[in-house]
Amino acid sequence: MAPEPLAWVQVGTTEEGLLKELLELYWEALEVEIADAILSLNNIFRLQKKYPEAGIGPQEIKHRVSARLGPPILAWNPLELDWQQQIDCVTEAGELAWDQQNVEDDYLMARMMLSGLNMLDFDEIIEYRDPPLPSQRGPPRCLAVKSSTGGPVEILVLECNICHEPLRGLAWTCRLGCKSNVANQHPVADSFNVCTTCYNEGKHPRQHLVRSPHRYGISETMRTELSLDEFWSLRREIQRRQEELDLQLDRRKGGIINSTMIHTLTGWSRNIFPLGNVHAGVMFGPLIFEIGMKDSKNGARISCRQSPILGKSWSSSKLENVLALDPSRILYRASARLPNRPIQATVKQIVGGMFSGYHQHLQPLEDLVVKMLLGAARKWTEKPLKSRQANYSTLRGLANAIITAFRFVMEEYLMPYLKAITRVLFDRGTELRWSQYTNNCQNFCDAIIQQPVLSTVFPPITQLYSLRIDQSVALLDYVLSFRTDPQIGDALKSSRLSIGPLSAFLKLLHRQTDVLEYQETHGRRKLNGTPLCAQIFAWRCHDQDCDLADHVWTNPAEFVSIIQFQLMLDNSHYLQASANEEDNPVPLDEVQWVKNRLATLQANDSFATAAAGIARTFQNRLKNNDSQSWNPPKPPSIPQDTPFMMADDAIQYAQEDTGTGSSFLGGWISRWNRNEAVVELPKAYGPDATATVVSTLGTNEA
């Protein structure tokens, strides 16, 4: 049943009116997220008491400060310092980060919760949209199984038990006993499966569902029982079945002539819309700005994001406010309960730096808010004799007390960001009416992000609070900019080489998958025997001593984007490794889940404090010698030309092969067909620099 139209009410026609509405919506959304932070921290304390030997808590301090700050400092040098001065900056930045990390564990965990909300960050969100033809969603999931009668191997096409369409990419399995009404001969096919479309539309209770693990069409067990000729014959048969099914479904939907034309036009459209079939929006703190949404007055819609998953959240049926700005710049407000979004990836654009130690003049306020959150988490207790609504009101009251104190000072520093956004939205040169061919959602995101004030890795000198004579007026003073070049599509298409999971994912037409599952299907993100940092960042380590604090600095633009995406996933996306691949997936238990969240939050906090340390180090040098010029370079946007490498690193490149790589079997087959090739590296590595890259059919990994 289609949702009812929103009851829009006109609330303004001016830029000042929009700014006022945005301010209230921002704090309203942040209060909900603070409540979840209280709940999550309280849950950590509960589990620490319940499982005192489980080691729940942050890692040791030596794992919180990165030893890889040298390469970014040398690359981003805005003061044209000599070699020794840059080495001194590396030492000072590490010391500043150490000072921020050298705090009590409880205090650190409270700060990690607040830092994980990324209150002043800009991110671009990438959201799935159905392509015109079924085959463009990716190959159908097939499974080769032994015949129960001892005959030839059978090939099953796994289907969604709701819409009965083939499963493609991400899929979900009911873990609470729901059964398929179609008898099958294999336990994986017999389980109740849900496709991404039905999952997003809420056609099965989400609390029942857990993400299905990626399974290759030919299992490891069956592979050992097949000869090489039998294996390749079975592989060809699976691909033939996939192609026949795709052709049948395409013709059923579009007809023979139309489906052929759509395939041709889709190929041409990649030159116009290089990022392919996606929806994009800008996320600033807890708010999302976008166009091309239904029931949005044909203009821009501003709504609250889904709260970051910090560990535990309070599901509420309460309506939330939504704003719409139509093309004639009339502002509307409505109350709605928006559905969960099928987000495929996030792209970090601006690191704002709250709770990172960057805003030294706000340090007393940040310290107060951290302690208030810590106190609220220790105080909070759900009263079983009270109603759920009454308990939530108490929780929101604790969050509101924190917001009240925080808002008193922070609002002044929030305003420059909101003004920069409203200025773009009210600029008549910004087209708010979505058009598939002349003004798609990616153009709208560029209008917000591609502002001159955000165009360098560090802010212009006029924006730096610590260096301004008049500090009475807050300006847009961020920590780092990873502002993506508007020609990202051309850059992604220029080479099949990738140095990170996000650029690898964005190189292909998007399917019903996300950036993490894409890496898993290509054999680059295993659950067994893979270091924690490689699992979280979905990319192999560059050296043997890697950890969470180090890994992110090999490619910060991509890996901090992965952290943000991880914080948007709930427990149903994570599975325990099973010794028996035939077993149904099992989600993480409460201890494993809280450790996962703490590791992700610590990676985010370690990055933020180190980035703030780098920025503060350069500003300290400039403050002590105002004769130096301040010329920060352009941001190291995605795709970054080269990773930040150190001596003895193993260069981790991957080459996307859209041929075999597009097959459901591609990543698995790659393990059996490996050879080495010498490739020429980008010029940044020096003249005639080469590296040995392991080449595979599905993926090429260094």
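Colleague: Which residue stands opposite His279 in β8?

Modeller: Glu127 does. That comes from a predicted model, in which local features need pLDDT of at least 70 and side-chain atom pairs count only at pLDDT 80 or more, while totals for chains, interfaces and linings use all residues. Residues are numbered from 1 along each chain as its sequence is written, and side-chain values use heavy atoms, with hydrogens and water left out.

Colleague: How do β2 and β8 pair?

Modeller: Strand β2 (residues 122-128) and β8 run antiparallel and share 7 bridges. Two strands pair if DSSP finds at least two bridges between them. Strands (E, at least two residues) and helices (H or I, at least four) are DSSP runs, numbered from the N terminus.

Colleague: Is β8 buried or exposed, and why?

Modeller: Strand β8 (residues 278-284) has 7 of its 7 residues buried, so the rest of the structure largely encloses it. Buried means under 20% relative accessible area, exposed over 50%, and partly exposed in between, using a 1.4 Å probe and protein chains only. Val278, Ala280, Val282 and Phe284 point one way from β8, while His279, Gly281 and Met283 point the other way.

Colleague: What do β8 and β9 form?

Modeller: A hairpin, with 2 residues between the strands. Gly285 in the turn has a positive phi of about 55 degrees. The pairing of β8 with β9 (residues 287-290) is antiparallel, over 3 bridges, and Phe284 faces Leu287 of β9.

Colleague: What is the order of the 9 strands in the open sheet?

Modeller: The order is β1-β12-β11-β10-β9-β8-β2-β13-β14, with antiparallel pairing. At the edges are β1 (9-12) and β14 (480-481), each pairing on one side only. Strand β13 (residues 343-351) joins β14 through 2 antiparallel bridges, with Val351 opposite Leu480.

Colleague: Which strands does helix α12 lie across?

Modeller: Helix α12 (residues 441-449) lies across β2, β8, β9, β10 (300-304) and β13, at about 25 degrees to β8. Helix α18 (residues 556-566) also packs on the sheet, where it touches β2, β8 and β13, and its direction makes about 125 degrees with that of β13. Axes are lines fitted to C-alpha atoms, for helices over the stretch in contact, and angles run from 0 to 180 degrees between N-to-C directions.

Colleague: Different topic. At what angle do α3 and α19 pack?

Modeller: Helix α3 (residues 83-101) and helix α19 (residues 590-624) pack at about 135 degrees, with axes 8 Å apart. That makes α3 oblique to α19: angles under 35 degrees count as roughly parallel, over 145 as roughly antiparallel, 65 to 115 as roughly perpendicular, and the rest as oblique.

Colleague: Which residues of α3 and α19 make the contact?

Modeller: Among them are Cys89, Glu92 and Leu96 of α3, and Thr609, Ile614 and Phe618 of α19. Contact means heavy atoms within 4.5 Å.

Colleague: Where does Asn604 lie?

Modeller: In helix α19. Asn604 is buried, with a relative accessible area of 3%. Neighbours within four places in sequence aside, Asn604 is in contact with Ser115, Gly116, Asn118 and Ile563.

Colleague: Last one. What is the order of the 3 strands in the open sheet?

Modeller: The order is β6-β5-β7, with antiparallel pairing. The edge strands are β6 (193-195) and β7 (209-211), and the twist averages 35 degrees from one strand to the next. Strand β5 (residues 171-174) and β6 pair over 3 bridges, and Thr173 stands opposite Asn193 in β6.
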